[in-house]
Amino acid sequence: SNEYRDKHYERLAYANRHFGKNTPGPGWRTDQGRIYVILGAPMSRRELTSTRMAYPVEVWNYHADPKLRIRPFFNLIFFREMGMGEFRLYSPMSDGPRALLNSVGEINADEIAASMDGDIAQNERAAAYMVLSEVNYELAAASLSFVPTQTDLAIEMPSMESDMLVAQIERVPEVVMPTAAWAYPILTGSIEAVVRYETLPIAAVATALLDPGGIPFVHYAVSANGEQLNIREYEGDYYLTFEVAGAMLDPERRVVADIGGGRDGARIIQGTLTEEQARSMHSTPVIYVDRVPVVEGEFRFEVILENNVSHEFGRAELDLKVPTPNPQQLGTSDPILLLDYLQLENYDAFAEHYPFQIGLLELMPAVDSPFASGSSLRIYHQVYIPAGHTEMVVASYQLEGDDGVVKEELAGIDPAQADRHGTVNLVASLDLEGVAAGDYRLFVNLEGDGRGAMTLPVTVTEGAEATRPLFEAQQQTPPTDPFVGYQRALQYRVLGQVEAAIATLAPVLARAPDFVEGVDLQTELLMEAGRYEELDRLLAPLLIDNPNDIDALITLGKANAGMGRRYDSIRYLERARMAGAEETPLLLNDLATEYFADGQAQKARELLERSLEIDPEQPEVRRLLEELATGESR
């Protein structure tokens, strides 16, 4: 994909700048550079370069994207062998924790090992682990296994799983970019591309609001002039078409949620027009409104609207703060201006909703719209009141021009008005009677809210109101729909908040136990969280009705491996093979890891040889085979 290609070049440049200082070659050829180019920056990076008992070492902690098809949480160690040269990728199996100790550390480890009874090799590992624990506990744990849950097991016998993980990491480029198709057309000069032009003026507003069930949604509106969009006529019917795409990004620029979801990440919008509307499009603004379920936090909202015929597009970027229900402190949402609003007679949480419908309120947002002198300026925002707050809350609204404040209103909010999530929906109004035409600033301030006054630009015109815009909206699934919870769980996962994702999905699956996508996601989340016993309880009953469920068998095999139940892990993985599971290198390597941990090195070797027959391009597996052969010949 273009996204991966761009990331690849960015990482390559970073690797060459930062990892080539102690080597004659480029930085990307070092072990650190290679891993950085493949996986990007680690979630955390601990540098231990001047310790008393260990060589210079770095521990990188990763939370990998599930799309990479590797273990989500793991550590990697890089060390300067014998304290010299570039940082080399450490192997818990091939190097062992003693390789990280300098002469002082080795002396301490020898003294500890001499006091132990039992297996000499196991004692040396345990002693080296104990010495490294004095240096840094995270380093000591990773020295035995890159998998955080396997430290105790790895003391008894070094695990191949860390080396298998490195083998999977080496293959990540093949997963995200199966071929170099993106490079070939460029190199041969045969590339065909659609040229897009950022020449379409648009305006946008967005605000994060809590629905009556306490679920946050981002509601957004994008406005463009109708004459710059695509209007078609077919057999007397008129259609307006355009594309919308975008994303919610966290402070680290990770895409937390996609805006669109159709072809190429965009949503194709097609609205039906009357003949009169079609003919007046040259002077009519078009406002597209939509909403996206989100999780709490601070995000960058980016949206693009494109004329899908001329390929002109416009882009808007906004900062958003997503609230939480039942807040600890008094607060408010980002305010928006309204063209109008409706008070609905009833609210059904299980019915489809339009964007900007908040309970009994249906809002019509004003996007870069002027207000006529003498009309009313309406402002909407939510106020969030913490439990136990009983004093009246005051919101103020000041319209200010070059000569000072021209209009001012106060609104009192009774905490008793708040719903069970502490939310009050507030529509305020400023009378523009006597306000001269011009550009103004509206200051919205909630007394006691630490964020201070928020500012909105307002344009006032003489005479009649501006042309009423054409709103284009599509009904959305109810907030209670299982897919809403599923989307929010995915967002928590991107943010690395796996436990929050599991908690979000749990009530969804309690209501909809047959929601297949949700069950699959829950399985992956429990695996990522290392909650193997819950996985075992969840999936084992499925085999009663379908004993040959290959996916369940493989997942149960991995879950039992995580619990150290080697016999059960092997049994499930072998059953998956007998049930017809494809003999992929990944399955064979996982099974080989379990046989090796169970002390069956010959069986592990046979499986690794079969894995290499299927895919010879596995250098880590080939190295492991050589080590196993060397060990058997001793």
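A residue counts as buried when its relative accessible area is under 20%.

**View 1. The whole chain of the predicted model.** The chain holds 20 helices and 25 strands. Its C-alpha trace spans about 95 × 60 × 60 Å along the principal axes. Of the 634 residues, 47% are buried. The accessible surface comes to about 30,600 Å², and carbon and sulfur atoms contribute 49% of this area.

**View 2. Helix α4, residues 120–135.** The helix has 16 residues, and at 1.5 Å a residue these should span 22 Å. The C-alpha atoms at its ends lie 23 Å apart, which agrees with that expectation. Buried residues of α4 include Asn-123, Arg-125, Tyr-129 and Leu-132.

**View 3. An open sheet of 4 strands.** The strands follow the order β5-β6-β11-β25, and their pairing is mixed. The edges are formed by β5 (202–210) and β25 (470–473); each has a single partner strand, so one side of each has no neighbour in the sheet. From one strand to the next, the twist averages 20°.

**View 4. The pairing of β5 with β6.** Strands of a sheet pair through backbone hydrogen bonds, either parallel or antiparallel. Here β5 and β6 (residues 216–225) are antiparallel, joined over 9 bridges. At one of these positions, Leu-209 has Phe-217 of β6 as its bridge partner.

**View 5. Helix α11 across the sheet strands β6 and β11.** Helix α11 covers residues 482–494 and lies across both strands. Its direction is at about 75° to β11 (285–293).

Technical notes: Residues numbered from 1 in each chain as written. Predicted model: local features only at pLDDT ≥ 70, side-chain atom pairs only at ≥ 80, totals over all residues. Heavy atoms only, no water. Helix = DSSP H or I, 4+ residues; strand = E, 2+ residues; numbered from the N terminus. Expected span 1.5 Å × (residues − 1). Buried < 20%, exposed > 50% of the residue type's maximum accessible area, 1.4 Å probe, protein only. Pairing = 2+ DSSP bridges. Axes fitted to C-alpha atoms, helices over the stretch in contact; angles between N-to-C directions. Contact = heavy atoms within 4.5 Å. Areas by Shrake-Rupley, 256 points an atom, 1.4 Å probe, with all protein chains shown as cover.
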